Amino acid sequence: NNNSHSLEETMTDSFAAPGRMMRVHWHELNGTLVAIQPLAMERRIINSAGKPQWSTPANIYIVDGPKAGETICNTLIFPPGIRRAVRGHVGELVLGRVRQGTVPPGTGMLPPWTLVDATNNPDDVAAAAALLNVHSHN
């Protein structure tokens, strides 16, 4: 029977390798077009410093820039501006450009990361659609 597989082949085909958390280096994505797919609602976790922090689990598809075509799978989004941009879109794709905002001088705060809407730019939408079409066929 040509359609039969050994138990070993069937078992190997049935399992995925364990996932691992991939880290986002936002400074490397500044100005980059991304499609972010939130995987669940944001939630509080205990961060590496032992403090509670809000995060959103997501996949990030990098559409252009030096890392174009890369995917950051199973990551946690911590920057509040980016979390707000994807809030309420679990399972959907949110298209935007990663930008670093500004802070008033003398506040000592870090510049916030934001996601600027790119859905009104036909070239950005076409580039994202082409990339995601390739991903869906792999």
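## A pair of opposite residues

Val34 stands opposite Gly96 in strand β5. Val34 also stands opposite Ile62, a residue of strand β3. This is a predicted model, in which local features need pLDDT of at least 70 and side-chain atom pairs count only at pLDDT 80 or more, while totals for chains, interfaces and linings use all residues. Residues are numbered from 1 along each chain as its sequence is written, and side-chain values use heavy atoms, with hydrogens and water left out.

## The chain as a whole

The protein chain has 4 helices and 6 strands. Helices (H or I, at least four residues) and strands (E, at least two) are DSSP runs, numbered from the N terminus. In sequence order, the pattern is α-α-β-β-β-β-α-β-β-α.

Of the 138 residues in the protein chain, 30% count as buried. Buried means under 20% relative accessible area, exposed means over 50%, and partly exposed lies in between (1.4 Å probe, protein chains only). Contact means heavy atoms within 4.5 Å. Among contacts between residues at least 6 apart in sequence, 57% join residues at least 24 apart.

Two strands pair if DSSP finds at least two bridges between them. β1 runs antiparallel to β5 (residues 94–100), with 4 bridges joining the two. β1 also pairs with β3 (residues 52–62) in the antiparallel sense, over 5 bridges.

Thr32 is found in the loop between α2 and β1. Its relative accessibility is 3%, so Thr32 counts as buried. Leaving out residues up to four places away in sequence, Thr32 touches Ile62, Asp64, Gly96, Arg97 and Val98.

## Nonpolar cores

A nonpolar core is a set of buried Ala, Val, Leu, Ile, Met, Phe, Trp, Tyr and Cys residues joined through side-chain atoms within 4.5 Å. The largest one has 16 residues, and those with the most contacts inside it are Trp26, Ile36, Ile60 and Leu115. The elements that give two or more residues to this core are α2 (26–29), β1, β3, β4, α3 (80–86), β5 and β6 (113–117). β3 supplies the largest share of this core, 3 residues. Apart from this core lies another, of 9 residues, among them Leu33, Tyr61, Leu95 and Ala118.

Ile60 has contacts with residues beyond four places in sequence: Val24, Trp26, Val34, Ala35, Ile36, Glu70, Thr71, Ile72, Thr75 and Ile77.

## Cavity and pocket

On a 1 Å grid over the protein atoms alone, a cavity is a set of points where a 1.4 Å probe fits but cannot get out; a pocket is an open set with protein on both sides within 12 Å along at least five of seven lines, and lining residues have an atom within 4 Å of a point. Grid points are joined across faces, edges and corners, and a volume is the space filled by probe spheres set on the points. A search of the whole structure finds 1 cavity of 30 Å³ or more. The largest cavity has a volume of about 50 Å³. Its lining is made up of Pro38, Ala40, Met41, Glu42, Thr56, Arg83, Val86, Arg87, Gly88 and Val90. This lining divides into 5 nonpolar, 2 polar and 3 charged residues. Here Ala, Val, Leu, Ile, Met, Phe, Trp, Tyr, Cys and Pro count as nonpolar, Asp, Glu, Lys and Arg as charged, and the others, Gly among them, as polar.

The largest pocket holds about 350 Å³ of space. It is lined by 13 residues, of which Arg23, Val24, Trp26, Leu76 and Phe78 lie nearest its centre. β4 gives the largest share of this lining, 3 residues. The lining of the largest pocket divides into 9 nonpolar, 3 polar and 1 charged.

Asn74 belongs to strand β4 (residues 71–77). Its phi is near 50 degrees, a positive value in a residue other than glycine. With 35% relative accessibility, Asn74 counts as partly exposed.

Val103 lies in the loop between β5 and β6. Val103 is partly exposed, at a relative accessible area of 26%. Not counting residues up to four places away in sequence, Val103 touches Met109, Leu110, Pro111 and Pro112.
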